[in-house]
Amino acid sequence: MADDTADLHARHLAGNYAAPALTLARGEGSRVWDDAGRAYLDFSTGIAVNALGHCHPTWVARVREQAGRLVHVSNLYRNEPAARLAAALARRCGPGRALFCNSGAEANEALLKLARLHGRRKSGQEGACVGVVVAERAFHGRTFGGMSATPQEKIQAGFRPLLAGFAAAPLNDLAAWDRLIDARSTAAVLLETIQGEGGVFPADPAFLRGLERICRERNVLLLIDEIQCGVGRSGAFFAFERSGIRPDAIAMAKGLGGGFPIGAIWIAPPHDDLFQPGSHGTTFGGNPLACAAALAVLEVIEAEDLLDRVTGQSAVWHDRLRQVAASRPDLVREVRGAGYMVGVALAVEPRPVVAALREAGLLAVPAGDNAVRLLPPLTASAAELAEAADILGRVLADWPRA
Ligand SMILES: *Cc1c(COP(=O)(O)O)cnc(C)c1O
């Protein structure tokens, strides 16, 4: 069995991922089991996707119910889960409208198409106002739009020419963004509130407020990518909420479906009429099963007070991680992030450390800036957070000194 999966995988899947080290067979709560029956504490959560952990009973029940009732109808017809999900997001986002899609990259594509429509409305002319300013180290996905918005050589190499009009400025350097945002030619700025893939770098609240002011002055859309840091991961529903800004549109995906593929953007007025019949679409967008899965995530976040729990427990957890880090200052440069999205920035390549953590029973994810990313499910208990910190402590203690 075990060998079969590894062998079939190696022979028949495209080679765009490094050979995985594990075949995972089953999950429950914060834990997964491999095909040999070994348990792991899962702080990779499918890259910040399994917001409720694995197989949360409410989520499973809601998905089963919907799978037995209606799975797909396309956007030729209305369906109740999509309408209810849009209404539920309205309670979190305020006035505006939702557009559903299937992944993070598709959500960002929708933001970039929104930016083009805004640029046309603003300049009165197609193609005259298409500029988008993004952050250095950003990650916005692997489609052509997403890659164009991701100023990293390792993402873009081999795929040029990309979309025109993108410029990058350092995160939190407001003066640099001020210089790049041009009232005439810039349609939008696009940034993550907490950069994920780039290495868990949070945007400063004051920087976000400054950016909002510049965008309003110059009629430039403020587009916020909350695909990784949103849906409760930071302890707020959206990480930007702590800064008090009002984005013109928000991208979400990953945690939204709790493991079922779904993406969405939220468009605030007066821009929520830019998409008109025919201007955008996707066959699966707003699929009733995907929307039922997302509704289950929102339901459990409220029923179990997960935002308060993440906020309350993360302070103790971060302290513990910092103590562990302080025991090896030669190895750990910084512990940063918010809530259940933490980057442990190392002085060494993170991949061997992630492999050692896996051997010790903890799944984590490497990120930019030599960071080890810890992304527990929002349901993780204080004991599980402490266990992860202890495993990290043991692995760091055993790491050879340079
Ligand atoms: C993962 C991610 C994306 C891309 O999402 P996919 O579902 O992989 O296409 C975009 N932006 C951010 C911030 C992400 O973390």
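**Close-up views of a predicted model**

**View 1. Ile391 lies in helix H13.** Helices are DSSP runs of H or I with at least four residues, strands are runs of E with at least two, and both are numbered from the N terminus. This is a predicted model, in which local features need pLDDT of at least 70 and side-chain atom pairs count only at pLDDT 80 or more, while totals for chains, interfaces and linings use all residues. Residues are numbered from 1 along each chain as its sequence is written, and side-chain values use heavy atoms, with hydrogens and water left out. Ile391 has a relative accessible area of 4% and is therefore buried (buried means under 20% relative accessible area, exposed over 50%, and partly exposed in between, with a 1.4 Å probe and protein chains only). Although 30 residues separate Ile391 from Gly361 in sequence, their C-alpha atoms are 7.7 Å apart in space. Helix H13 (residues 382-398) has 17 residues and should span 24 Å at 1.5 Å a residue, which agrees with the 25 Å between its end C-alpha atoms; the expected span is 1.5 Å times one less than the number of residues. The buried residues of H13 include, besides Ile391, Leu385, Ala388, Leu392 and Val395.

**View 2. One cavity of 30 Å³ or more is found in a search of the whole structure.** A cavity is a set of points on a 1 Å grid over the protein atoms alone where a 1.4 Å probe fits but cannot get out, whereas a pocket is an open set with protein on both sides within 12 Å along at least five of seven lines, and lining residues have an atom within 4 Å of a point. The largest cavity has a volume of about 40 Å³, a volume being the space filled by probe spheres set on the points, which are joined across faces, edges and corners. Its lining consists of Ala48, Ala51, Gln228, Gly230, Val231, Arg233, Gly255 and Leu378. The largest cavity lies between domain 1 (2-55 + 305-398) and domain 2 (59-303), because both give residues to its lining; the domain bounds come from an automatic or database domain assignment.

**View 3. The second largest pocket holds about 810 Å³ of space.** Of the 30 residues that line the second largest pocket, Asn75, Ala98, Leu99, Phe100 and His280 lie nearest its centre. Helix H4 (80-93), strand E4 (97-101) and strand E12 (263-267) are the elements that give two or more residues to this lining.

**View 4. His54 lies in the loop between helix H2 (45-48) and helix H3 (57-67).** With 17% relative accessibility, His54 counts as buried. The side chain of His54 makes a polar contact of 2.7 Å with the side chain of Asp42 (a pair of N or O atoms within 3.5 Å, of which, within protein, one must be able to donate a hydrogen and the other to accept it, residues adjacent in sequence counting only if both atoms are side-chain atoms).

View 5. A cis peptide bond with omega of about 10° joins Arg160 and Pro161, and Pro161 is placed in the loop between helix H7 (153-156) and strand E6 (166-169). Pro269 and Pro270 are also joined by a cis peptide bond, with omega of about 5°, and Pro270 lies in the loop between E12 and helix H10 (288-303). Ser74, which is not a glycine, has a positive phi of about 75° and is found in the loop between H3 and H4.
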